[in-house]
Amino acid sequence: MANTGKTSKSNEAPPRKAERPPRLSGPLRSDAQRNRARVLKAAQEAFASEGLAVPLDEIARRAGVGSGTVYRHFSSKEVLFETIVLGRLQQLVDQADALVHADDPAEALLTFLSLTIEEGSVRKDMMDALAGDDIEPSAAVPQARLHLRRVTGKLLFQAQQAGAVRDDISVADLMALITGLILARHRNDGGRAGPQRVLGVVWDGLRTSFPGPITPSLLSPRVDGDRAEP
């Protein structure tokens, strides 16, 4: 029986050796977290300056990791883009939600327009996200855009109810103005035009002090082909 006791004690050694892998795996998990953070930081900077067009290999280079490391955390460049953009879209939605409860509906709408145009003017990834090219691998970004559109509609409606904004402006009109201004600034002048000056022109057109609804006679001369009508 004494020998049996010694044998059972000697058999306890392997379990103690088996405890080593968890201790060794700890640093690996920390390294993985650090690599993920580096990839996200590099992706934020790359997407902000170049949009979705930036190659994934370039993001990996900026992060100081291999492309395989990026793929271990994000299955594609689009998934990585989605991860970056969703956070900022949600911040815009939260800001708009807060402005819905402001005392001055007109000021709330103007503040939100300013925030959105400023954001899109300095971040090309936001321009791509707001433009809605539908290149996302899931419905997450389109859903976030829908939430943004809905809360923008609330701000517009409240400003219209207060008599500050023309009632013939729809949320589709407003979203088209926002995305159009952002796209124009990036593609036509490289973002050099002052966003606040441009916003002031747009705001003048939205206000109820405008002479009346837009009609063809109020627009600039129409162009047919290469010929402008008088």
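This passage walks through the fold of a predicted model, then its core, and then a few individual residues.

The model is predicted, with local features needing pLDDT of at least 70 and side-chain atom pairs counting only at pLDDT 80 or more, while totals for chains, interfaces and linings use all residues. Residues are numbered from 1 along each chain as its sequence is written, and side-chain values use heavy atoms, with hydrogens and water left out.

The protein has eleven helices and two strands, taken as DSSP runs numbered from the N terminus (helices are H or I, at least four residues; strands are E, at least two). Along the sequence the pattern reads α-α-α-α-α-α-α-α-α-α-α-β-β. Of the 230 residues, 34% are buried, where buried means under 20% relative accessible area, exposed means over 50%, and partly exposed is in between (1.4 Å probe, protein chains only).

Next comes the core. A nonpolar core is a set of buried Ala, Val, Leu, Ile, Met, Phe, Trp, Tyr and Cys residues joined through side-chain atoms within 4.5 Å. The largest one holds 52 residues, and Phe47, Leu89 and Leu109 touch the most other members. Elements giving two or more residues to this core are α3, α4, α6, α7, α8 (124-131), α9, α10 (171-188) and α11 (195-206). The largest share, nine residues, comes from α6. That helix has 23 residues and runs 33 Å from first C-alpha to last, close to the expected 33 Å, which is 1.5 Å times one less than the number of residues. Buried positions in α6 include Leu80, Phe81, Ile84, Val85, Leu89 and Leu92. An α-helix has 3.6 residues a turn, so residues three or four places apart point the same way.

Rings of Phe, Tyr and Trp (its six-membered ring) pair if their centres lie within 6.5 Å; planes under 30 degrees apart are stacked, over 60 edge-to-face, and the rest tilted. By this rule there is one aromatic pair. Phe47 is buried at a relative accessible area of 0%, and Phe81 is buried at 1%. Leaving aside neighbours within four places in sequence, Phe47 also contacts residues including Leu52, Ile59, Leu80, Ile84 and Lys124.

Leu52 counts as buried at 16% relative accessibility. The C-alpha atoms of Leu52 and Lys124 are 8.2 Å apart, although 72 residues separate the two along the chain.

Finally, Gln160 sits in helix α9 (residues 140-161) and is buried, with a relative accessible area of 18%. The Gln160 side chain reaches the backbone oxygen of Arg166 at 2.9 Å. Beyond residues up to four places away in sequence, Gln160 touches Val165, Arg166, Asp167 and Ile169. Pro105, in helix α7 (residues 105-122), is 9.6 Å from Val165, C-alpha to C-alpha, and 60 residues away in sequence.

Key:
A polar contact is a pair of N or O atoms within 3.5 Å; within protein, one must be able to donate a hydrogen and the other to accept it, and residues adjacent in sequence count only if both atoms are side-chain atoms. Contact means heavy atoms within 4.5 Å.
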